[in-house]
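Here is a short report on one protein chain. It starts with the whole fold and then turns to a single residue.

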Amino acid sequence: MIKKPILLIVIFFSAFVHAQNNNESAIVLELFTSQGCSSCPAADELLDEIKTEHKDKNVFVLSYHVDYWNRLGWKDPFSSSTYSDYQRDYAQQFNSRSIYTPQLVVNGDIHFTGSNRGKAIQAIDEYKKTKSLTTISLDNIEKKASEISLDYNVEGKDFKQLTLVLVVAERITKVQRGENRSRTLTNTNIVATRLLKSEGSGKVTLQIPNWVLEKDELSVIAYTQDDKLKTTGAISIKI
């Protein structure tokens with residue numbers, strides 16, 4: 001039997017991507033959510049609406065799926081204990097004794113129930129008045145079967161860490177058990193991989209989890225945070 005040769009496909013992105021300059025705002029909305037939470041679908045829908053309404057306006061939305069709902073009958077396929085720990089880091093910054101879903105954190109500075117449309121719109125309008133403190137650039141982006149590598153550079157002040165996330169644009173899931181049993185849920189900009197860097201420049205590799213499909217639309221979103229986790233700049237690029 002003749003074996004067919006294995007073809008390794010590598011895609012290079014030659015474009016050099018710059019973030020907004022220091023005269024522009026960057027608004028990052030992080031939704032802590034779960035498919036096992038009956039209160040979360042309304043917040044998921046609102047996040048998707050914000051993504052659509054503020055496309056190309058330096059508004060970046062992220063869905064962090066936490067894992068502490070998994071014990072109640074439905075295991076969220078996108079959940080991670082890492083994201084639950086990240087939410088606990090915010091709880092410490094906000095002097096909160098507990099964590100909850102759906103929680104929407106805006107620019108690492110304020111938080112509220114993720115389905116509260118009025119507060120979300122107000123927060124976006126307020127942070128549009130602010131200026132970014134850092135400029136982020138991404139270069140030499142290379143996609144392989146199971147990973148994405150790129151070079152990054154950060155310039156500016158109040159930079160403590162750079163968060164790089166690989167996100168899946170959308171997934172539709174028919175939930176079989178738990179509080180959302182028999183519901184069809186739509187999740188947007190699902191965080192598949194999260195990586196932190198404290199250096200101002202370097203090369204990173206983002207692993208692509210097994211649940212990511214070939215047909216999924218992927219993006220890399222990078223944002224800087226200060227020592228209190230407040231957002232100081234952001235950038236996004238489609239893969």
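How many helices and strands does the secondary structure of the chain come to?

## Overall fold

This is a predicted model. Its chain has 3 helices and 13 strands. The radius of gyration is 18 Å, close to the 18 Å that the globule rule gives for 239 residues, so the chain is as compact as a globular protein of that length. The C-alpha trace spans about 60 × 50 × 30 Å along its principal axes.

Contacts reach across the sequence. Take those between residues at least 6 apart: 68% of them join residues at least 24 apart.

## Burial and surface

Of the 239 residues, 49% count as buried. The chain exposes about 12300 Å². Carbon and sulfur atoms supply 47% of that area.

## Charge

The chain carries 30 positive and 29 negative side chains. The centres of these two sets lie 5 Å apart.

## Valine 212

Where is valine 212 placed? It sits in the loop between β11 (201-207) and β12 (218-225).

Is valine 212 buried or exposed? Its relative accessible area is 12%. Buried means under 20%, so valine 212 counts as buried.

Which residues does valine 212 touch, not counting those up to four places away in sequence? They are Val168, Arg171, Ala192 and Leu218. Serine 146 is 66 residues from valine 212 along the chain, and the C-alpha atoms of the two are separated by 9.5 Å.

Terms used: Residues are numbered from 1 along each chain as its sequence is written. This is a predicted model: local features need pLDDT of at least 70, side-chain atom pairs count only at pLDDT 80 or more; totals for chains, interfaces and linings use all residues. Side-chain values use heavy atoms; hydrogens and water are left out. Helices (H or I, at least four residues) and strands (E, at least two) are DSSP runs, numbered from the N terminus. Buried means under 20% relative accessible area, exposed over 50%, partly exposed in between (1.4 Å probe, protein chains only). Contact means heavy atoms within 4.5 Å. The radius of gyration is taken over C-alpha atoms; the globule rule is 2.2 Å times the number of residues to the power 0.38. Accessible areas come from the Shrake-Rupley method with a 1.4 Å probe; for residues, only the protein chains shown count as cover. Lys and Arg count as positive and Asp and Glu as negative; His and the chain ends are not counted. The place of a charge is taken as NZ of Lys, CZ of Arg, CG of Asp or CD of Glu.
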